[in-house]
Amino acid sequence: MENFQKNNMTMKGIRYVVLTLGAIMLSFLASCSTQKSVKKSSDSVATESQRATPDNDVFRTLTIEKASFKLLLAETVMNSGGTIKIARDSVIICSIMPMPGMEFFRFVVNKKGVLLINRVDKKYVEVSYDEMRSKGMALNYKAFEAMFTNRLFLYGKDCFPVASDFSVAEVNNGALQLIRTDGDVLQEFVYNKDKQLTSGNLSVGSTYASHWKYEDFFQVGSVSFPHDINLTIQSGVYSRTIGIHVDKVSLDKDRNFEVKIPATYKQITMKEFVETY
């Protein structure tokens, strides 16, 4: 009986992590909807060649071989292990695995939309960007990839940022704050004195905000990468924080980013997914 209760609580914790991670993914992507265009002054417009490649483009794939997800829910902390794989400008694959080699859930973000696969109940949810745009949300893949790879992004833009996209102010201890406003949208990024991106903020008026922080950097080849990524989303009274601790990262190692949905799995709607978990 004690083991059953323990296993039930473990599964409940994993499902909380899954639901919150899914909500964060969709809510964060939804925050990247394109607003009314704002004319820029001539000195802030970069050429296409300047935007052709991302900053510090030194790898094509990134694999987080050992990650732990921590959900802060009121007074409760929920934990689960997993992995994250990223093929630049293509796909993000996040696997929730309570034990090594045993995948319970998989989240996929690609250029077409978002896919959530439930291995336990053999169900999946697939939401395309076109479907979201039909509901008034013009979404963007680059923002989510940038958040996971410790990079800048431009709200609602499918291009790489350059220095002229932001105003810059010096803050405490030699850190630099990059600020960009576009209508009711505010973006803020902070670099420390070692030129490491340590935090970001995206707010849309007074209705929505995302905050993320990077801490405890370590070197992976020529790339400085954070051991800890903490993301908080706020929408009205709703607020959730999920932390990701990274233990092992490799660059340009993985070549398998294929995602297949078994024919026996049942497709459900996002509403059904939320109601289930």
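Two rings of Phe, Tyr or Trp count as a pair if their centres lie within 6.5 Å, with the six-membered ring standing in for Trp. In this predicted model, Phe153, Phe166, Phe189 and Trp212 form one aromatic cluster.

The chain has 277 residues, and 49% of them are buried. It contains four helices and 14 strands. Among contacts with a separation of 6 or more, 51% join residues 24 or more positions apart. The accessible surface is about 14,500 Å². Carbon and sulfur atoms supply 51% of that surface.

Now turn to the rings. The structure holds six aromatic pairs. One of them joins Phe189 and Trp212: the centres are 6.3 Å apart and the planes meet at 70°, so the pair is edge-to-face. The cut-off for that class is an angle over 60 degrees. This pair links distant parts of the chain. Phe189 belongs to strand 9 (residues 185–191) and Trp212 to strand 11 (residues 208–220), 23 residues apart. Phe189 is buried, with a relative accessible area of 0%. Trp212 is buried too, at 1%.

Phe218 and Phe225 make another edge-to-face pair. Here the centre-to-centre distance is 6.2 Å, and the planes stand at 80°. Both of these residues are buried.

The charged end of Lys85 sits over the ring of Phe257, 5.1 Å from the ring centre. Lys142 lies over the face of Phe160, with 5.2 Å to the ring centre.

Terms used
Residues numbered from 1 in each chain as written. Predicted model: local features only at pLDDT ≥ 70, side-chain atom pairs only at ≥ 80, totals over all residues. Heavy atoms only, no water. Helix = DSSP H or I, 4+ residues; strand = E, 2+ residues; numbered from the N terminus. Buried < 20%, exposed > 50% of the residue type's maximum accessible area, 1.4 Å probe, protein only. Contact = heavy atoms within 4.5 Å. Areas by Shrake-Rupley, 256 points an atom, 1.4 Å probe, with all protein chains shown as cover. Phe/Tyr/Trp six-rings, centres within 6.5 Å; stacked < 30°, edge-to-face > 60°. Lys NZ or Arg CZ within 6 Å of the ring centre and 35° of its normal.
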